[in-house]
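Subject: Structure handover

Hello,

Here is the structure for your files. My notes on it follow below.

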Amino acid sequence: MRGFGMRSVNDVGWLEKERPACGPLDAIIRPTIIAPCSSDVHVAHGGSGPRTDRILGHEAVGIVDEVGEHVHRFKPGDLVAVPCVTPNWLSRGVQNFRSFSHDRGPFGSFKLVGQKDGVMAEYFHVNQADPNLAFIPDDVAPEAALMTVDMMSTGFHGVELADIGFGERVVVIGIGPVGLMSIASAALRGASQIIAVGTRPKAIEVAFEYGASTVISYKSGPLDQQVWDLTEGKGAHKVVVAGGDAETFAEAVRMTRPNGVIANVNFLDINDHIAIAPLDWGLGMSDKDIRGSFCPGGGKRIQRLIHMIEYHRIDPTKLITHRFHGFDQIPAAFQLMEDKSPDLIKPVVYID
Ligand code: NDP
Ligand code: ZN
């Protein structure tokens, strides 16, 4: 079969592979809509270490093509959403961690791309189908369900991690699709002032639609100063980091008031170093809580997010700015993600 992936670091293209084999608990999926992610671009450039001959992509909805003999909930022909994180639920590791993301060591549950070929292929493999797949009801558009598997799951996780409560002042750094979903979920959680950070015009427009009070630019001076000004010297209760670099992270710590939380879901570069001046962290005693986490996995979480769409709590399709049609368009969508044009939030590819 054919798949789009990385031959080596900084070298992407079509790969020829064997169709994956289905284990007794597993499923083989034929993707019907996929979306490239900024993390795929990051991986393709070696941002998570060297990789060769690996099909990319971890965001897909599709049709179940085959199931293993011990799979009971799903059958060939079912339309499903596939979480980007699919833990091995038999591993002891998943019992230990808040987010089920690290079943066997760091990122252990990130199987697609992380440990095996991803979804930008004619077929792909999902471990443990029963706990890891989610149904897409008839009244939910498949492309909306596709937005749950990583963008909603990760953006919402920033808000879970920050534990945002009623009336809190929140900063969301980054208004890519992940940050936009953090804005939407911060609003659902009852945040008061939501200050968002980013510059791309289309994303700014959607940030306001999802509930941002103000959008500021990292190009207009230090973010912490801007936040202290906008909050009349009070600072943020909670900061969700969904963009920027190591310096941005230090700014996030500076803009947070004592007892606040800095919640990171952003991939920091493998070569970066975070420098936090002790005074900015209250000499280590200000109860500023720094958290960082990978989005939780499994089908139940994604099913709940799909129910939120079904009951009109959120419309994640505002994220989709570009729709491609045809398997052969995957490289074009990937390139768009790489180039980040001003009108881009999220591209999807319909494999018609
Ligand atoms: P995007 O690249 O689409 O968005 C990044 C945002 O950060 C943009 O709004 C950009 O601004 C902003 N930004 C860029 N530089 C700075 C800076 N110096 N200071 C402040 N803001 C800045 O990314 P995504 O939304 O797709 O993903 C966000 C992050 O989350 C990525 O690192 C991604 O790899 C990671 N991720 C993590 C997952 C997890 O489970 N933890 C899963 C999925 C993604 P501008 O508007 O100017 O472009
Ligand atoms: Zn992703």
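**Zinc site**

The donor residues of the zinc ion (ligand 2) follow the sequence spacing C-x20-H-x91-D. C37 sits in the loop between β3 (27-34) and α1 (38-44), and D150 in helix α4 (residues 148-162). This pair links distant parts of the chain, 113 residues apart. Helices (H or I, at least four residues) and strands (E, at least two) are DSSP runs, numbered from the N terminus.

The protein donors are C37 (SG), H58 (NE2) and D150 (OD), 1.8 to 2.2 Å from the zinc ion (ligand 2). Donors here are N, O and S atoms within 2.8 Å of the metal (3.2 Å for Na, K and Ca); water is not among the atoms, so sites may look incomplete. C37 counts as buried because its relative accessibility is 2%. D150 is buried as well, at 6%. The cut-offs are under 20% relative accessible area for buried, over 50% for exposed, and partly exposed in between (1.4 Å probe, protein chains only).

**Ground rules**

This is a predicted model: local features need pLDDT of at least 70, side-chain atom pairs count only at pLDDT 80 or more, and totals for chains, interfaces and linings use all residues. Residues are numbered from 1 along each chain as its sequence is written, chains are lettered from A and ligands numbered from 1 in the order in which they are written, and side-chain values use heavy atoms, with hydrogens and water left out.

**Domains**

The domain assignment gives domain 1 (2-146 + 315-350) and domain 2 (155-292). These bounds come from an automatic or database domain assignment. The C-alpha centres of the two domains lie 28 Å apart. Across the boundary, 21 residues of domain 1 are in contact with 16 residues of domain 2. Contact means heavy atoms within 4.5 Å.

Domain 1 and domain 2 bury about 1,400 Å² between them, and 69% of that is on carbon and sulfur atoms. K318, L319 and I345 supply 35% of the area that domain 1 buries against domain 2, more than any other three residues. Buried area is the accessible area (1.4 Å probe) that two parts lose on being put together, summed over both.

One salt bridge is counted between domain 1 and domain 2. E209 and K318 form a salt bridge, with their closest N and O atoms 3.7 Å apart. A salt bridge is a side-chain nitrogen of Lys or Arg within 4 Å of a carboxyl oxygen of Asp or Glu.

**Other salt bridges**

The structure holds 20 salt bridges.

- K75 and D78 meet through their side chains at 3.0 Å, N to O. D78 is buried, at 11% relative accessibility.
- D163 pairs with R189, the closest N and O atoms being 3.8 Å apart. D163 lies in the loop between α4 and β9 (170-173) and R189 in the loop between α5 (177-188) and β10 (194-197), so the bridge ties together parts 26 residues apart in sequence. D163 is partly exposed at 47%. R189 is partly exposed at 32%.
- D280 pairs with R254 at 3.6 Å between the closest N and O atoms. D280 is in the loop between β13 (256-264) and β14 (289-292) and R254 in helix α8 (residues 246-255), so parts 26 residues apart in sequence are tied together. D280 is partly exposed at 21%, and R254 is partly exposed at 23%.

D224, E247, R254 and D280 are linked in a network of salt bridges.

**Helix α9**

Helix α9 (residues 299-310) has 12 residues, which should span 16 Å at 1.5 Å a residue; its end C-alpha atoms are 16 Å apart, in agreement. The expected span is 1.5 Å times one less than the number of residues. Buried residues of α9 include R301, Q303 and E310. Their cover includes β6 (79-82), α2 (129-132), β8 (134-135), α3 (142-146) and α4. H312 follows α9 and has a positive phi, near 60 degrees.

S182 is in helix α5. S182 is buried, at 0% relative accessibility. Setting aside residues up to four places away in sequence, S182 touches G155, V159, V172 and V240.

M147 is in the loop between α3 and α4. M147 is buried, with a relative accessible area of 0%.

Best wishes
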